[in-house]
Amino acid sequence: MSGAKICDYEGSQYRREFWEGQGREYEDLAERIAMRALLPPAGDTLVEIGAGYGRLAGLYAGYRRVVLLDYARSQLEEAQRYLPNPDRFTFVVADVYRLPFVDNLFDTLTMVRVMHHLADVPRALTELQRVIRPGGVVVLEHASKRHLKAVARWLLRRQPWNPFDPQPVEFAELNFDFHPRWVRQQLTGAGFQLEATRTVSHFRVSWLKRLVPPRWLAALDGLAQPTGRWWQLSPSVFVRARAQKPPAGLADGFFCCPLCRSSALSPLDARLVCDGCGRQWRTDGGIYDFKTPLSSP
Ligand SMILES: C[S@@+](CC[C@H](N)C(=O)[O-])C[C@H]1O[C@@H](n2cnc3c(N)ncnc32)[C@H](O)[C@@H]1O
Ligand SMILES: [Zn+2]
């Protein structure tokens with residue numbers, strides 16, 4: 001639908017196979033510390049792009065309306081089962097390259113562990129910039145190619161790619177590592193002003209994780225994270241940036257058709273019908289599904 005290839009999590013057991021009981025409590029806790037430090041604690045509208053099963057949704061309690069968006073409907077269905085208060089959220093299936101929202105809508109936008117699946121980062125950032133309001137905040141996480149283990153592996157000739165080369169490396173299909181400077185350049189190029197950087201998961205080393213309880217290791221990570229302001233040598237980097245764009249009035253409407261951009265969408269049974277192009281979008285099961293239209297004009 002977007003042109004760029006998409007890493008499809010439809011039907012995947014991401015929660016069970018990657019997080020639960022998989023020895024990543026330290027990473028989860030460290031990421032929450034970074035998010036709490038970077039995220040404006042309260043606001044009106046927030047969207048999380050690539051929210052998966054809603055692992056981080058508990059951090060958004062201070063927002064009036066919270067949208068959890070993912071390309072995989074099954075992830076959002078999992079979120080509906082997993083979250084203690086699913087009614088509080090608006091669930092949206094869509095592609096980051098074609099967001100179904102009107103311009104200048106969100107106060108805050110988050111995207112964690114998603115950028116490493118994006119083949120066209122500049123295009124995704126342009127779309128994020130479109131839906132955030134002037135002065136709105138984005139909190140983004142990206143996998144870094146310039147971390148200490150990668151540097152050591154490269155020096156020992158156990159890794160073919162150079163961690164200092166600014167270009168992204170696709171180490172497996174639709175899995176990218178990025179140079180922190182390259183990401184900063186893309187953000188600036190898309191009209192964001194960088195405000196803060198935190199390096200995360202400094203201690204992602206298996207023997208250390210076996211030795212030190214996750215809470216202690218995460219607390220240590222929290223102490224190390226602010227050094228991201230000066231240098232970035234960890235496998236994960238979180239940034240907060242602010243949208244620089246001309247002042248605009250309040251957003252007009254909420255959803256728009258991702259294909260023709262019309263915001264005139266009329267409810268009909270369990271569908272939204274686009275007055276602009278005639279396409280119909282599913283809204284059953286408590287999920288707005290803007291991935292594939294039910295009908296073409
Ligand atoms: C590694 S998971 C991260 C989930 C969640 N952010 C977290 O940290 O637990 C990546 C998520 O990004 C979603 N995703 C990948 N490409 C996407 C795209 N083009 N548009 C929207 N979501 C996408 C996947 O469906 C998946 O749920
Ligand atoms: Zn349309």
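**Figure 1. The buried residues of helix α6 are Pro180, Val183 and Leu187.** Seen down the axis of α6, these buried residues fall within an arc of 60°, so they line one face of the helix. Arg181 and Gly189 are exposed on the other side of α6. The cover over the buried residues of α6 includes α4, β5, β8 and β9. Gly191 follows α6 and has a positive phi, near 95°. This view, like those below, shows a predicted model.

**Figure 2. Helix α2 spans residues 25–38.** The helix has 14 residues. From its first C-alpha to its last, α2 reaches 20 Å, close to the 20 Å expected at 1.5 Å a residue. Which residues of α2 are buried? They are Tyr26, Glu27, Ala30, Glu31, Ala34, Met35 and Leu38. What covers them includes the strands β5 (132–143), β8 (192–200) and β9 (236–243). The helices α7 (206–211) and α8 (214–224) are also included in that cover.

**Figure 3. Helix α4 has its own set of buried residues.** They are Val121, Ala124, Leu125, Glu127, Leu128, Gln129 and Val131. The strands β4, β5, β8 and β9 are included in what covers these residues. So is a helix, α6 (180–189).

**Figure 4. His202 sits in the loop between β8 and α7.** Is His202 buried or exposed? A residue counts as buried if 20 or more other C-beta atoms lie within 10 Å of its own. His202 has 22 other C-beta atoms within 10 Å, so His202 is buried. Leaving out residues up to four places away in sequence, His202 touches Asp221, Ala224 and Ser234. Now find His147. Along the chain, His202 and His147 are 55 residues apart. Their C-alpha atoms are separated by 8.8 Å.

**Figure 5. Arg113 has a positive phi although it is not a glycine.** The angle is about 60°. Where is Arg113? Look in the loop between β4 (106–111) and α4 (121–131). Arg113 has 18 C-beta neighbours inside 10 Å, so Arg113 counts as partly exposed.

**Figure 6. Arg157 also has a positive phi and is not a glycine.** Its phi is about 60°. Arg157 is placed in the loop between α5 (148–155) and β6 (169–172). How many C-beta neighbours does Arg157 have inside 10 Å? There are 7, so Arg157 counts as exposed.

**Figure 7. The chain is divided into domain 1 and domain 2.** Domain 1 runs over residues 14–253, and domain 2 over residues 255–282. How far apart are the C-alpha centres of the two domains? They lie 29 Å apart. At the meeting place, 8 residues of domain 1 are in contact with 5 residues of domain 2. On the side of domain 1 that touches domain 2, there are 5 nonpolar, 1 polar and 2 charged residues.

**Figure 8. Ser266 lies in strand β10.** This strand covers residues 265–268. Ser266 has 10 other C-beta atoms within 10 Å, so Ser266 is exposed. What does Ser266 contact, leaving aside its neighbours within four places in sequence? Its contacts are Leu272, Val273 and Asp275. Gln22 is 244 residues from Ser266 in sequence. In space, C-alpha to C-alpha, Ser266 and Gln22 are 44 Å apart.

**Figure 9. Gly278 lies in the loop between β11 and β12.** The strands on either side of this loop are β11 (271–274) and β12 (280–282). Gly278 has 14 C-beta neighbours inside 10 Å, so Gly278 counts as partly exposed. Gly278 and Leu38 are 240 residues apart along the chain. Their C-alpha atoms are separated by 41 Å. Leu38 is one of the buried residues of α2.

Conventions: Residues are numbered from 1 along each chain as its sequence is written. Chains are lettered from A and ligands numbered from 1 in the order in which they are written. This is a predicted model: local features need pLDDT of at least 70, side-chain atom pairs count only at pLDDT 80 or more; totals for chains, interfaces and linings use all residues. Helices (H or I, at least four residues) and strands (E, at least two) are DSSP runs, numbered from the N terminus. The expected span of a helix is 1.5 Å times one less than its number of residues. A residue is buried if 20 or more other C-beta atoms lie within 10 Å of its own, exposed if 12 or fewer, and partly exposed in between; C-beta atoms are placed from the backbone. Two residues are in contact if their C-beta atoms, placed from the backbone, lie within 7 Å. Domain bounds come from an automatic or database domain assignment. Ala, Val, Leu, Ile, Met, Phe, Trp, Tyr, Cys and Pro count as nonpolar, Asp, Glu, Lys and Arg as charged, and the others, Gly among them, as polar. The arc is that of the directions from the helix axis to the C-beta atoms.
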